[in-house]
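Please open the model in a viewer and keep the selection tool at hand. The stops below are meant to be followed in order.

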Amino acid sequence: MSKKGLSALSGVLSVVLLTLADQFTKYLAFTRLRGQASVVLISGVFELEYVENRGAAFGLMKDSRWVFMIGSILIFFLLLLLYYKLPLDKKYQPLRTVCIFLCAGAVGNLIDRLWRGYVIDFFYFSLIDFPVFNVADIYVVLSIAAFLYLFFFKYKEEDFAFLQKRTKNE
């Protein structure tokens, strides 16, 4: 198998494993927290609280399930394309990792929307009354933060010249 093929296989396996971790934590939340009082882990700071989120981040656009599913699928395929087009140079490994975590986050929440019609959230920072979130949300938020850092501070415009290259068939 080629290096590009091995990299793609590694990326897919990573997305699958991260998605399974997300789904497992949601399964635990569903089976152990649903219908129960919040579990206080650090009094006044952090709790496990079962929430069925029918919107996007922070409950925005409630009951827009199809919009989120179509958006997640489009983002997923765009990230796959970017991942595949990224050179195998060590320099691009951080960006490849960002793609993997973003894909896993998108897939994790997409599975919930398809399967249940809502996303299971369960982490709650009561200290700052932060909206309840889940593992897939963590993947997405940290990946976006890492992407912004990489985009503004690590990579230069010419580092993305490979995206402009045309193949012989074009």
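Which residue stands opposite Glu 52 in E3? Select Glu 52 to begin: its counterpart across the strand pair is Ile 120. Please note that the structure on display is a predicted model.

**Stop 1: Thr 19.** Move to helix H1, which spans residues 3–32 and contains Thr 19. Thr 19 has a relative accessibility of 7% and therefore counts as buried. Leaving aside residues up to four places away in sequence, Thr 19 touches Ala 104, Val 107, Gly 108 and Ile 111.

**Stop 2: a network of charges.** Select Asp 22, Lys 26, Asp 112 and Arg 116, which are linked in a network of salt bridges. Side chains of opposite charge can pair when their charged atoms come close. Begin with Asp 22 and Lys 26, whose closest N and O atoms are 2.9 Å apart. Both residues belong to helix H1 and are separated by 4 residues, about one turn of the helix. Asp 22 is buried, at a relative accessible area of 0%, and Lys 26 is likewise buried, at 0% relative accessibility.

Next, display the salt bridge between Lys 26 and Asp 112, where the closest N and O atoms are 3.2 Å apart. Lys 26 lies in helix H1 and Asp 112 in helix H3 (residues 93–115), so this pair ties together parts that are 86 residues apart in sequence. Both partners are buried.

**Stop 3: a further salt bridge.** The structure holds 5 salt bridges; another of them joins Lys 91 to Asp 159, with the closest N and O atoms 2.5 Å apart. Lys 91 is located in the loop between helix H2 (65–85) and H3, and Asp 159 in the segment after H4, so the pair ties together parts that are 68 residues apart in sequence. Are the two partners buried or partly exposed? Lys 91 is partly exposed, with a relative accessible area of 38%, whereas Asp 159 counts as buried at 10%.

Terms used:
Residues numbered from 1 in each chain as written. Predicted model: local features only at pLDDT ≥ 70, side-chain atom pairs only at ≥ 80, totals over all residues. Heavy atoms only, no water. Pairing = 2+ DSSP bridges. Helix = DSSP H or I, 4+ residues; strand = E, 2+ residues; numbered from the N terminus. Buried < 20%, exposed > 50% of the residue type's maximum accessible area, 1.4 Å probe, protein only. Contact = heavy atoms within 4.5 Å. Salt bridge = Lys/Arg side-chain N within 4 Å of Asp/Glu carboxyl O.
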